[in-house]
Amino acid sequence: MLEDGTETVRITHINLARGFRGGENQTLLLIRELAARGWRQQFIGRAGEPLALRLRDTPGLTVTPVGGVLGAAVRVQAQLVHAHEARAAQAAWIASKLRGCRYVLTRRVMRPPSQTWLTERIYRDAETVVALSRAIAGVLRQRFPTIESVVIPSALLPVRPDPGAVAEIRSRYPEPFLVGNVAALDIAKGQLELIEAARRLSGRREGFGFLFVGTGDDATRIQDAARGMDNVHFAGFVDNVEDYIAALDVFAFPSHHEGLGSVLLQAMHTGVPIVATETGGIPELVVNEETGLLVPVCDADALAAAIERLRDDPGAGRKIAERAAVRLSEFTPGATADRYERLYRHSRT
């Protein structure tokens, strides 16, 4: 029952991640969309983490803060559980043994699941395994050949940038052509290659600025790589990502591996042309020469050339951005919730 005793919870969501990254944003969007449709839900997350705090006032939702996997497993209220990351999957599996509930597992990352007995059982006992992209589904198929996963991509919350905030952000950076990256500061996100591309472009032409939005475990290493480069800027973590993206001339996303890259959807929505790496699920969003430019992983020369091309041919950038915007109807919170609702109904006992 809900804490007010009025109605049985239809589904329990678990996300035990620390911080707030793409997976947590996707969990938030799904829960809020289901709440708007009248679902009674429970969310179990780590006490004090941003996701639990942001969900506190969601209608029809019980937020249950816990310390870890076992605490989550024993606090499950519903007969259907949605696990949104790896530790949540462990908790869902334990809950299924304790009280017989069924669970859905969403896989958002490209790396293969670990080669352990427990991981094997968690995936094989799941009612349904969801992959964020066809690329992730392929990785899962190699790891678990007999398990057929369902592909449900990320959703975009179409937040419109604030023109005043965009103008203020742009005024901070003097360079006439601003290239930006929004991601955790993690070397696997390719920021070192983008800094090297910045170095090469700046060595032969003036007017390029580079803006990094986000923080992370590799922040010091990445910032050190840009030492002495006056046209490389770090904004840290921000809440109004859409305003920062709208202030850019090019959105650069040179990840080494990526399940899908949901921040690319915001760039598409904002109308900023994209340069990204051809890896993982990125090509499922960014079609080379159609909705963006794709370059090889860890290739600073190709990255620099693609950025320079968009500066030299702004008309091509506008066409790329226009074609990218057309695809967004496939990635709304409503479309994602529709897919999950069908899956939940199939999973209902």
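**View 1. Helix α1 against the sheet of this predicted model.** Helix α1 (residues 22-36) lies across β1 (11-15), β2, β3 and β4 (80-83) and runs at about 165° to β1. Contact here means heavy atoms within 4.5 Å. Axes are lines fitted to C-alpha atoms, for helices over the stretch in contact, with angles from 0 to 180 degrees between N-to-C directions. Helices (H or I, at least four residues) and strands (E, at least two) are DSSP runs, numbered from the N terminus. The model is predicted, with local features needing pLDDT of at least 70 and side-chain atom pairs pLDDT 80 or more, while totals for chains, interfaces and linings use all residues. Residues are numbered from 1 along each chain as its sequence is written, and side-chain values use heavy atoms, leaving out hydrogens and water.

**View 2. The open sheet.** Seven strands with parallel pairing follow the order β3-β2-β1-β4-β5-β6-β7; two strands pair if DSSP finds at least two bridges between them. At the edges stand β3 (61-66) and β7 (150-151), each with a single partner strand, so one side of each has no neighbour in the sheet.

**View 3. Strands β2 and β3.** Six bridges join β2 (residues 41-46) to β3 in the parallel sense. Look for Gln-42, which stands opposite Thr-62 in β3.

**View 4. Helix α6 over the sheet.** Helix α6 (residues 134-143) lies across β5 (102-107), β6 (128-131) and β7, at about 135° to β6.

**View 5. Helices α12 and α13.** The axes of α12 (residues 300-312) and α13 (residues 314-326) come within 5 Å and cross at roughly 105°. Leu-310, Arg-311 and Asp-312 in α12 meet Pro-314, Gly-317 and Ile-320 in α13.
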